[in-house]
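Hi there,

Here is the structure I promised to pass on. Have a look at it first, and then read my notes below.

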Amino acid sequence: MSISSSTSSGIMSAVIECHDARRSDARAEEKRSSIPKTRTPGMRGHRPLAPCQIHLPYPPWLPLNPSKSTVAKSSIPSALSLARSLRPMDLRVIDLTPASESQQQRTLDEVKDFATTDMERGGPERWTYRMLQEPALTEELKKLAEPRSVGSVDAVTLQPCRTWHYRSQDRYWVEEWLLQGGNWTYAAVFDGHMNHDTVDYISAALGHYVKDSLAAVLRSRPSPSALPTLVSDILKQALTHIDSALVSDFVAIFSSAEPDELRRLDPCRIKQLLNRTSSEKSALVTLVDPTKNHLWVANVGDCIAVLGEKDSAGNWRGTVINSIHNGSNPGELERIRSEHPGEDDCTWNDRVLGFLAPTRALGDAWLKLPAVYADLVFKHLDAEWLSAEVMEPHVSRIRTPPYLSNTPDVYHVRLTTEGAHSSGAIAASPRVLILCSDGLSDLYDGYSFQDMANEWTHVVGRAFDSNSGAGAERANLALLLLREAIGGSDTQLVSRNLTVEMEERWMDDTTIVVQRLS
């Protein structure tokens, strides 16, 4: 609606463009009664209104003749003094200009592709989403998932909720390192929870630590038979070291109970360390050697690594490489109970102390330290992700920490038969490595981990085969798997998952990294 006004000789005119000029004012209704009636503009098949003028009489809240009115001057508000000075016959003129047919059509086009959904929650509330068609649907997915490729590795990360508070806490890191013997490929997925500080710090720092350690080992020219164990030790040490350093730096702040020393501490430094140690993250780290004969996978938390392989019959099959460190794994719950005998509440509702689903993670120092730190420090953070009210019922259960482990499981996988690359007698089978945060597995509710592995491998393998021909354009395998996970060929479901207008997250952060191993 646009309004322009001018005043001349005490007469006010206003031009208002709108589609519906209905007024409840009785005096306006009298003037409108002389205008021929027609149907509402903007509806397809209805005759557009012709431009018209409506003359509104003197304001109804003033006496028709102020000079002769019996109403006392003092009873008329001072704010109306200007209106009082108008002559009784002054009119306000409103010109109603109907929308053109092209404007009407444009308005209809803007809303025709919108629909509503209950997001399968079953309640009365509905949310609006936009139905997109190809190629707009694929472009929207690319815009949100930001697909990237580094060497033989494709990656995407998605959190479709546009609210700043719910921006993705997942991170991934892919690098190629030119070290002694050739190019090593480092790929990692980090799944942060509760804030961004821990995941930002560890995702950036871990790769540098692994690279420096690996370079030092390779300079010593180890024997091929010793290399698998040496690299496994590097990954295990790197993950435990970076977490232990975070906790140690935090404890060092409070090593003295002297108030004067605490006052001299840098508040920004304290806040930084508190944020880094008060949230947790899962880490899934992989290395592939220059010959692509060896793969190492190190895991802390609930991210998933799947090795996909094409068999001699041409069928793709997937294998979950790592153990999942969360409450759905009975072995993990049993491990915690055995480490804390007599403490029935060390696991509660399949969570650590009834609080945390992952059973191993980096960060969350309050689950690794004596209860006094949680009671006197972390409970007073007053952070939206870790409030005193949330922590209160769990702190009393801390008796013999740590309850949350930072020890990774490390796996070495030999990818080719001994001598395959030297003699060429044994051809390497096509293989892919799929890494993902738990957001991808959440999209496959009801599937077992093995079922997920087979499904993901089938999707990626099919795309791998179709892109292996000469001159074929390389597809981003991670993007194709993400598309399948959020609806595949069901454009309505994909549109809903990408465009629904909700202020809260409707799906977990989802990160996928796919590496071609042959």
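First, the ground rules. This is a predicted model, in which local features need pLDDT of at least 70 and side-chain atom pairs count only at pLDDT 80 or more, while totals for chains, interfaces and linings use all residues. Residues are numbered from 1 along each chain as its sequence is written, and side-chain values use heavy atoms, leaving out hydrogens and water.

**The sheet**

Helices (H or I, at least four residues) and strands (E, at least two) are DSSP runs numbered from the N terminus. Six of the strands make an open, antiparallel sheet in the order E7-E8-E20-E19-E13-E14; two strands count as paired if DSSP finds at least two bridges between them. At the edges are E7 (148–150) and E14 (316–320), each pairing on one side only. On average, neighbouring strands here are turned by 20 degrees against each other, direction ignored. E13 (residues 304–310) and E14 run antiparallel and are joined by 5 bridges, and Leu307 has Thr319 in E14 as its bridge partner. Helix H14 packs on this sheet, touching E13, E14, E19 (431–436) and E20 (510–516), and its direction makes about 135 degrees with that of E14. Those angles run from 0 to 180 degrees between N-to-C directions, with axes fitted to C-alpha atoms, for helices over the stretch in contact.

**The cores**

A nonpolar core is a set of buried Ala, Val, Leu, Ile, Met, Phe, Trp, Tyr and Cys residues joined through side-chain atoms within 4.5 Å. Buried means under 20% relative accessible area, exposed over 50%, and partly exposed in between (1.4 Å probe, protein chains only). The largest core has 43 residues, and Trp456 and Ile512 have the most contacts inside it. Helix H14 (residues 449–466) gives the largest share of this core, 7 residues. Leaving aside residues up to four places away in sequence, Ile512 touches, among others, Val156, Ile434, Leu440 and Leu481; contact means heavy atoms within 4.5 Å.

**Strands E5 and E6**

E5 and E6 pair in the antiparallel sense over 4 bridges. Ala115 has Tyr129 in E6 as its bridge partner. In a regular strand the side chains alternate between the two faces of the sheet.

**Salt bridges**

There are 21 salt bridges in the structure, each a side-chain nitrogen of Lys or Arg within 4 Å of a carboxyl oxygen of Asp or Glu. One of them joins Arg496 and Glu120 (3.6 Å, N to O). Arg496 lies in helix H16 (residues 491–499) and Glu120 in the loop between E5 (114–117) and E6 (127–130), so the pair ties together parts that are 376 residues apart in sequence. Arg496 is buried at 13% relative accessibility, whereas Glu120 is exposed at 66%. Glu332, Arg335, Glu339, Arg360 and Asp409 are linked in a salt-bridge network.

**A loop residue**

Which residues does Ser405 touch? Not counting residues up to four places away in sequence, they are Val300, Arg335, Thr359, Arg360 and Ala361. Ser405 sits in the loop between H11 (388–395) and E18 (409–414), and counts as buried at 15% relative accessibility.

Best wishes
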